[in-house]
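Here is my note on the two-chain model you asked me to look over. I have set it out as numbered points, each of which can be read alone.

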Amino acid sequence: MMWAALCALVALATVFFILRPLFQIERATFDEPRDTLS
Amino acid sequence: MNALAHFCLVLAWLLSLFGCCASIYAARSRSERWFQVARNATIACGGLAIASVVGLAALFLQNDYRNQYVWQFSNRQMDSVYKVTAIWGGMDGSMLLWAAILTASTALLAYHSASQRRALLSWVLAIANTSSIFFLTVVTWFTNPFRYVKAPFIPPDGNGLNPLLQNPYMASHPPMLYLGFTTFAIPFAFCVGALLAKDKSSDWIRLTRTWTLVAWCFLTIGIVLGGHWAYLELGWGGFWAWDPVENSSFLPWLTGTAFLHSVMVQERKGMLKIWNLWLVVATYGLTVFGTFLTRSGIVQSVHAFASTDFGWIFLLYLALIVAGAAVLTWRSRDLLKPERKIESFLSREAAFLINNLLLLSICFATLWGVMFPVFSEALTGTRQTVGIPFFNAVNGPLFIALLVAMGIGPLVAWRKSSWRALRRSFTVPAIFGVLCGAALLFAGIDEPKAVLVYAVCGFIVASLMLEFHRGVSSHRAATQESVVSATAGHLRRHHIRYGGHIVHLGVTVMAIAITASMLHKDEREFALQQGQSYEMGRYTLSLVGVTEGQRSNYQYVQAEVGVRERTSGESIGVMRPQLRFYPRNKETTTEVALRMSARDDLYIVLAGLDDAGTLVSFKVFVNPLQIWLWAGAFIMTVGTLVALVPRRSEAVAPVTAEYNSQRVLS
């Protein structure tokens, strides 16, 4: 049970880490000047 | 713990897939946000794969024999260090380590890519993640090291690790090799990524210089450590047997070395682009091919992993790499057009090309020797193998030619050189080389091959010294500095070039040592009773006594051999070769007694005892200049580190939209 909870925690942390830029960075292409919201 | 480590592995595999897709989407849509998502996925993938290896290490340290791999490759008597190194004692763990190092290298690349060009980097991350997908697929679905034992109870103890692998060199040799193999995936990703991004510049070469040098350095250290392990552990007095497993690490080293040289021509002159693409593909492909060779069981080797039934997957991946590279070469033929042509045969470009052809000839000859049993069986039905004499006979002259090219190449000017300039550069070194050869002939060395190699080595050392002296002199003339500060300033300014020269010096030292230990080796077999002596070279060996004993996981018989100088009778010391028996593995190994000196190595193997235990058989080798082989490798490493010091002007430029989009066609 403890290991299952740890696995779930690792998965959540990973998903949060990976998808964070989608909520933090404005839509921009490589060719445009960028700005970060954070 | 097993479940968590396995979960990390599966998650890493999923992330490599996601990272690859996100990178391709970012490259196509040119989306900054998705580039950052791909970057984070790549970093997380590396972190999770490393966590998986750490988890396996913890299972070994906890003696968790529910895990089949832990049960198979460790036992309670083993030292903690060897419990950790048992991770790469078998197929499953070594593939996991390989995948973890690869994904960690890719993660490091992604972490440092924040300030680099997105258009290029997103394709690079896509290719690098493709490599990760392949190796993580193999580990997750074919060689999973987190399987449970198929037994209704938890085994009280494990099988234990092969005694030959319980050695400090085996602890460091495989990770070094894997670091070398996997790091070459980064220049491969950059080269292919640059073509996919339609990047006309040669910036990727500058960006990957560090990766290429680091990969080459790790591979060199890994190969030499393997040779040192074979020398100390296998008890045959040699360090390189042209075994298929050894060759599988040597082949990418050869193409990697060729790439390191020829890529300079592309960087400076915009030539050899297709050549370099295929060299980097060959280097990466040969690491995969080596894995196929050692895991498929198609060739016999003294230390290959057991035959497995999924060798085909490596071959399939290799076929995909080659087919992909062929399509890319055709698609990018305009980008790959050379910007210039070689103007003269007397130029650095031509010298590099000759160096490349020689390295590839050695590579081809070695590959042919490795694959010959397979070809012969396919054609005649009988498996015929080629041995050490074949490799030495074919590769020996090629290595000598390579040494000559190594002496000439660095002193030839770029673009075009004149005969007059060449005479000026080479007269003194050539005379010095001839004098070296003459002196050795006069000293009684009558082996023509040896004299030739030593003369060529003398030529190389003299040419390197002369070039350095000229450089410092011109620096002094320009700056009016003292000799010391001019030397330091000149070295600082041209450290990449002199790093290369130091590597060449290391190769020269190694060439001398290899020639001496091969051609002037003294090898004897004899038996002694207690108190008897035997004279060999400059040594007198006498048997002082025989003892028996027991350690935690092995029993041993040890001979005490007194060593004296033959002429003066002065005592040098007592050497203690052993025969060890590991009851759990039912294996007997020899523990070599070795006395190293600058002049020669005295290498004593206890071959056996008669039934009464009074007559002791020995195999003894005197290997001249052997220590210089390892010293040469050390010099090569130092040279690579000098070349790795970043240039002052290489400070990373801040990213601007203009910088990101520059030189990109689409």
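1. How many helices and strands does chain A have? Chain A has 1 helix and 0 strands, where helices (H or I, at least four residues) and strands (E, at least two) are DSSP runs numbered from the N terminus. Of the 38 residues in chain A, 21% are buried, a term that stands for under 20% relative accessible area, with exposed meaning over 50% and partly exposed in between (1.4 Å probe, protein chains only). The accessible surface of chain A is about 2,900 Å², and carbon and sulfur atoms account for 69% of that area; such areas come from the Shrake-Rupley method with a 1.4 Å probe, and for residues only the protein chains shown count as cover.

2. On conventions, this is a predicted model, in which local features need pLDDT of at least 70 and side-chain atom pairs count only at pLDDT 80 or more, while totals for chains, interfaces and linings use all residues. Residues are numbered from 1 along each chain as its sequence is written, chains are lettered from A and ligands numbered from 1 in the order in which they are written, and side-chain values use heavy atoms, with hydrogens and water left out.

3. Chain B contains 20 helices and 10 strands, and its C-alpha trace spans about 85 × 80 × 60 Å along the principal axes. The radius of gyration of chain B is 27 Å, which agrees with the value near 26 Å that a compact globule of 666 residues would have; this radius is taken over C-alpha atoms, and the globule rule is 2.2 Å times the number of residues to the power 0.38. Of the 666 residues of chain B, 56% count as buried.

4. The largest nonpolar core has 141 residues, of which Leu56(B), Phe135(B), Trp204(B) and Phe314(B) touch the most other members. Helix 2 (residues 32–61) of chain B gives the most to this core, with 14 residues. A nonpolar core here is a set of buried Ala, Val, Leu, Ile, Met, Phe, Trp, Tyr and Cys residues joined through side-chain atoms within 4.5 Å. A second, separate core of 19 residues includes Leu528(B), Leu543(B), Val563(B) and Val620(B).

5. Phe621(B), in strand 10 (residues 616–624) of chain B, counts as buried because its relative accessibility is 0%. Leaving aside neighbours within four places in sequence, Phe621(B) is in contact (heavy atoms within 4.5 Å) with residues including Trp236(B), Lys521(B), Met536(B) and Tyr603(B). The C-alpha atoms of Phe621(B) and Leu594(B) are 9.7 Å apart, although the two residues are separated by 27 residues in sequence.

6. Thr212(B) lies in helix 9 (residues 203–233) of chain B and is buried, with a relative accessible area of 4%. Apart from neighbours within four places in sequence, Thr212(B) is in contact with Phe184(B), Pro187(B), Phe259(B) and Leu260(B).

7. Two backbone angles deserve a look. Arg30(B), in the loop between helix 1 (2–29) and helix 2 of chain B, has a phi near 55 degrees, a positive value in a residue other than glycine, and Arg30(B) is buried at a relative accessible area of 16%. Leu625(B), in the loop between strand 10 and helix 19 (627–644) of chain B, likewise has a positive phi near 55 degrees, but Leu625(B) is partly exposed, with a relative accessible area of 27%.
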